[in-house]
Amino acid sequence: MRTQHGVSLTYGLLETLGQSIVSGHYDGSGFPTEAELCQQFSASRTVAREAVKMLTAKGLLSARPRQGTKVEPVSRWNLLDPDVTRWLMERPFSNTIYREFTEVRLAIEPVAAALAAQHADRKDIKAIRDGLNGMRDHAAEHDQALAADIEFHVAILRASGNPFFWQLRELINTALRLSIGVTNKISGHTASIPAHEAVLIAIEKGDPDGALHAMRAILLESLELIKTYDPAVGE
């Protein structure tokens, strides 16, 4: 059986339960039993069991004999799992998670930019420049400017030539959507074109140090903005 969106019933329940766990819905109340899940969501035991297995594989749940199924602490979640990072993104605003995501970017992207300055070919450079041009062309259109900004940063991950960095693209993509969306809101405008262009120029020149410091400057500014942001102000 499938929903109208073509998503299996198991994945539909996975989405519902995953979002609920990450948002803290079960904190203090305990996770439902299989029978309770079946009754609450009108699901078969097979569907409920498979959804719980998938959540267990993602580190959100654990099942132990005579203890039942319980929600695991955040420290045990697979934060590199695309579903988990997406559910985190859907939570109410938290300075902590936005800061942590930006810190991850700070640990990865400057080094990726430095490697891109050493390894990028003409195709890589074009992809990075296309992202920059998209940011410039759509500066007045938030969603398109954000998409171009993400394109710019992800293109640098690919240009690094490091397959491990490229494997992190989903995590970085989520972190970008989180941090860029918020920092643009805080600053009142889209990302700085000159700051991003400085990264591209350094990569084109084959200047690893210049690329590293230019990217680091962008992320440090984002980190400072996030630390001071209060979503309740001005809303």
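This is a predicted model: local features need pLDDT of at least 70, side-chain atom pairs count only at pLDDT 80 or more; totals for chains, interfaces and linings use all residues.

Start by selecting β1 and β2, which make a hairpin with three residues between them. In the turn, click Arg66: its phi is positive, about 65°. Strand β1 covers residues 61-64 and β2 covers residues 68-71, and the two pair in the antiparallel sense over four bridges. Pairing here takes at least two bridges found by DSSP.

Residues are numbered from 1 along each chain as its sequence is written, and side-chain values use heavy atoms, with hydrogens and water left out.

Next, select residues 95-119, helix α5. Helices (H or I, at least four residues) and strands (E, at least two) are DSSP runs, numbered from the N terminus. The 25 residues of α5 reach 35 Å from first C-alpha to last, close to the expected 36 Å; that expected span is 1.5 Å times one less than the number of residues. Look for a bend of about 30° at Leu106, with Pro110 following within four residues. The bend is the angle between axes fitted to the seven residues ending there and the seven starting there.

Stay on α5 and pick Glu109. Is Glu109 buried or exposed? It counts as buried because its relative accessibility is 1%; buried means under 20% relative accessible area, exposed over 50%, partly exposed in between (1.4 Å probe, protein chains only). Its side chain makes a polar contact with the side chain of His153 at 2.7 Å (N or O atoms within 3.5 Å, one able to donate a hydrogen and the other to accept it; residues adjacent in sequence count only if both atoms are side-chain atoms).

Now show the largest nonpolar core, 36 residues: buried Ala, Val, Leu, Ile, Met, Phe, Trp, Tyr and Cys joined through side-chain atoms within 4.5 Å. Its biggest share, nine residues, comes from α7. Phe152 is among the members touching the most others. Beyond four places away in sequence, Phe152 touches residues including Ile128, His196 and Met215, contact meaning heavy atoms within 4.5 Å.

Last stop: α11, where the buried residues include Ala211, Met215, Ile218 and Ser222.
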